[in-house]
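I opened my notebook to look at how the chains sit together. My entries follow in the order I looked things up.

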Amino acid sequence: MQFTAHQIGVLLNGTVEGNPDATVSKLAKIEEAEEGSLSFLANPKYEAFLYTTNASVVILNNEFQLDHPVKATLVRVKDAYSSFSVLLEKYNTIKLDKSGIEQPCFIHPSATVGKDVYIGAFAYIGPNAVIGDNCKIYPHTYISDNVKVGDNCTFFAGVKLYFDTVIGNRVIIHSNSVIGSDGFGFAPQADGSYNKISQIGNVLVEDDVEIGANTCIDRATIGSTIIRKGVKLDNLIQIAHNAEIGANTVIASQTGVSGSTKIGENVIVGGQVGIVGHISIAKGTQIQAKSGINRSIEEEGKKWAGAPATTYNNHMRAQVVLQRLPELERKIEELERKLKENNKSENS
Amino acid sequence: MQFTAHQIGVLLNGTVEGNPDATVSKLAKIEEAEEGSLSFLANPKYEAFLYTTNASVVILNNEFQLDHPVKATLVRVKDAYSSFSVLLEKYNTIKLDKSGIEQPCFIHPSATVGKDVYIGAFAYIGPNAVIGDNCKIYPHTYISDNVKVGDNCTFFAGVKLYFDTVIGNRVIIHSNSVIGSDGFGFAPQADGSYNKISQIGNVLVEDDVEIGANTCIDRATIGSTIIRKGVKLDNLIQIAHNAEIGANTVIASQTGVSGSTKIGENVIVGGQVGIVGHISIAKGTQIQAKSGINRSIEEEGKKWAGAPATTYNNHMRAQVVLQRLPELERKIEELERKLKENNKSENS
Amino acid sequence: MQFTAHQIGVLLNGTVEGNPDATVSKLAKIEEAEEGSLSFLANPKYEAFLYTTNASVVILNNEFQLDHPVKATLVRVKDAYSSFSVLLEKYNTIKLDKSGIEQPCFIHPSATVGKDVYIGAFAYIGPNAVIGDNCKIYPHTYISDNVKVGDNCTFFAGVKLYFDTVIGNRVIIHSNSVIGSDGFGFAPQADGSYNKISQIGNVLVEDDVEIGANTCIDRATIGSTIIRKGVKLDNLIQIAHNAEIGANTVIASQTGVSGSTKIGENVIVGGQVGIVGHISIAKGTQIQAKSGINRSIEEEGKKWAGAPATTYNNHMRAQVVLQRLPELERKIEELERKLKENNKSENS
């Protein structure tokens, strides 16, 4: 893909300053750009790079005033940052514009596949599965029996969807994530062994969800494990059986949510957090990375930290005192010494 | 699959009250059941739902006495909970009843495959591999050279077994788990780089083990990494080279066991626990979620918590004092003040 | 593979003592060896096993003096440990000596594949991908559009490389790891939902890197996420977008590195560590398992521990005081009591 400064100007409804035939074939940060790159300047912190950059074309705000001449061709726009975002998105759309059905792939005769889909080689679509329109099913994806997938979904290579999983529209799932594996449920027996409790529920993923790579969402024992509209899950996350993640909640990498726990809407959870089972987390809660949540959070919109977690303010206060611990110990010794001296002098 | 109340009554050796022709096609919790669902009431906590449920058929204990009339058809049995468990298992068995060999798959001419197996499309069975009877090998599973698998095993889509892995009978492995990847062993060199130490051992998984999704078990440097009979591992777990997990031990999600560590029988390990290498954990030990175990545990059957872990009781006591820290600090200041006053008054 | 003691002697330039026709077919530790095994004795701690081992052949240092007769045939060499390492490596090379192109696999007509490669069944090599010489691409590996791979790389079954990924020479990636998935970037909207920020950068992996199983490395938003020469990553690790891992740095299992963080050369990071985004970690830093790093580390070559982490020495001191907390509390109560008594006696 090659574009001229002129073409970019037209696309962004901007004004070209310099050579309108300057061509670019990639996007780069202004401080790292090589010749043939398109870049942008929005943050004044990076202003100095405008005069030294090797980018061939730079997108710049209309009102920005140059201190020196620049080598790059400029495309002046109203808002350089959002103009660049528009280009990022266009670039990405082109990059990911796969279509057609590659061979060999496996589509069961009883499966239904929508219009304008991409199905990669070695993808597997099982009995009675239904795939909507405009979906992209990359190679090595496994879609099991009775799975329902809405429109405009993208499943990257190696995604595995167990039977009966239901996926909404515009859902993106990254490579090697597993949706619908058995919940971890076993009944202890008298001889110390365990009997498996059959997990016959499913996983329900609503619209506009994005799920990272190598993440696991277990099916419910009965009923559904539910990922609500707009949830964003990072890589290597564990969501256990019968959990429910509220709309527009964001969870960072390597966090684990235990069984039957309900997380509210618009919650933000940091990385490597652990949340025990059978509790609920109020709407708008924010949880610091590495925290351990061992009981329900009922008040909305508060920050929590620590393991076990307390409110963020309590946690920070405790951290400060913790650092003063050796000093406190010295003070106690000093007090003991003084008291002994006092008593000695009194007795003398 | 559709069943009538009459058929369920016959299956469970129960008595039907109400319409014997009421049909059900799914299982649901009594509080969430829609028309066409089969449900059960065992826990008195849920008794109120019996009168409001939309379930078409409800399994109920013989001695349960109705306060009001109910809409659902009842199937009376001796023990509603275990009757329902029986149905769960039957349902699951039907769901997972795959058989036959789908094409294309790859079975090396030197491999041996038992009777009545399911081999999904795009499954790979390598040179000299041996697969027992009644195994289910889902799509995208990779079984490498010389792997031995017993009877009645299920490997869900995307499981990877490296060469020389040995698997017992009735072992279940969930999607995208990796068994037999190289142990993490490198010898530091004078120039700061590392030389790989070849990992030529294998992984041995005994009978009745279940392994979750995206879990990793590394092969031994020499000898075997061993997962004993009846072990249950959750998702996203790391078992390092030459570790050994004792019979009927249960480990929750995202826990890591480092190299050469031996965990005893009937141990219970919570989620996100870290266990260092080259130690041993006594039989019957229980380890709280998020703990860090940095030395051997020799006494059997104790509870541990914290990072680094202490006994559960010590940990809880320490947590209590920790919460009192700001108060302790105030007390010390108060003591200092009083002592100064005393000294002042004495000197005055 | 079967070898005689005579053949091993020739291979290692050693001297055979005992039956030169003794045959071995596997390598084992001296304390676990069965008949037909080859073992070695280097660590004097294991000397006693030399006289009881069932190994058929044992490699031994030239100067080692026997106290009793031994059953095994001995192969005397200058350095038993490194001779055995040589054998380990040879053994491993033979084990992993795959070649040829298995069918069915998918190689796009526009892809370029080097000489003497192994490409397993169901491997996928996409448009414009370039694979160097002597690479081993195991089954179910996905190599997307425009990926460049150097020479002598091994990707085990199920590895997924997203588009534009660049891999150096002699890189090993274990099963089901994902390289190049989207960075976790979303812009919050006024209504509480999130807009995806397109991730158009890539991942760059330099020479001699080894990456474990089920590990994730996200692509950069713009530019590259970079894994420098000689880095060793264990299983289940998360490397976020735009991070950079310095040469010869080693990271243990289940650790997470957040976005845009730069880790220096020769750093050692334990398991389950969390490192926040946008910081830098100095060369030669060592970080204890389970630590949480929440700010930049500027001084080189120090040890850190705890969450939030402090220097290792501070952390150990704090741990000691923490254990003394209940005792400190008792001391404070004692001080309060005494002071009260003093005051009472003074006032009396």
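Entry 1: the area. I looked up the area buried between chain B and chain A, and it is about 4,700 Å². Carbon and sulfur atoms give 62% of that area. Buried area here is the accessible area (1.4 Å probe) that two parts lose on being put together, summed over both. I noted which three residues supply more than any others: Phe122(B), Glu329(B) and Leu339(B) give 11% of the area that chain B buries against chain A.

Entry 2: ground rules. This is a predicted model, where local features need pLDDT of at least 70, side-chain atom pairs count only at pLDDT 80 or more, and totals for chains, interfaces and linings use all residues. Residues are numbered from 1 along each chain as its sequence is written, chains are lettered from A in the order in which they are written, and side-chain values use heavy atoms, without hydrogens and water.

Entry 3: contacts. I found 57 residues of chain B in contact (heavy atoms within 4.5 Å) with 64 residues of chain A. By class, that side of chain B has 28 nonpolar, 16 polar and 13 charged residues. Ala, Val, Leu, Ile, Met, Phe, Trp, Tyr, Cys and Pro count as nonpolar, Asp, Glu, Lys and Arg as charged, and the others, Gly among them, as polar.

Entry 4: salt bridges. How many does the rule find across the interface of chain B and chain A? I get three salt bridges. The rule asks for a side-chain nitrogen of Lys or Arg within 4 Å of a carboxyl oxygen of Asp or Glu. One of my look-ups was Lys196(A) with Glu210(B), whose side chains meet in a salt bridge at 2.9 Å, N to O. I then asked which element gives the most to the side of chain B that touches chain A. It is α4(B), with nine residues. Helices (H or I, at least four residues) are DSSP runs, numbered from the N terminus.

Entry 5: symmetry. I superposed the copies by least squares on the C-alpha atoms of residues with pLDDT of at least 70 in both. A rotation of 120° with 0.1 Å of shift along its axis puts chain C on chain A, at RMSD 0.1 Å. That is the relation of a three-fold axis. For chain B on chain A, the rotation is 120°, the shift 0.0 Å and the RMSD 0.2 Å.

Notes: Helices (H or I, at least four residues) and strands (E, at least two) are DSSP runs, numbered from the N terminus.
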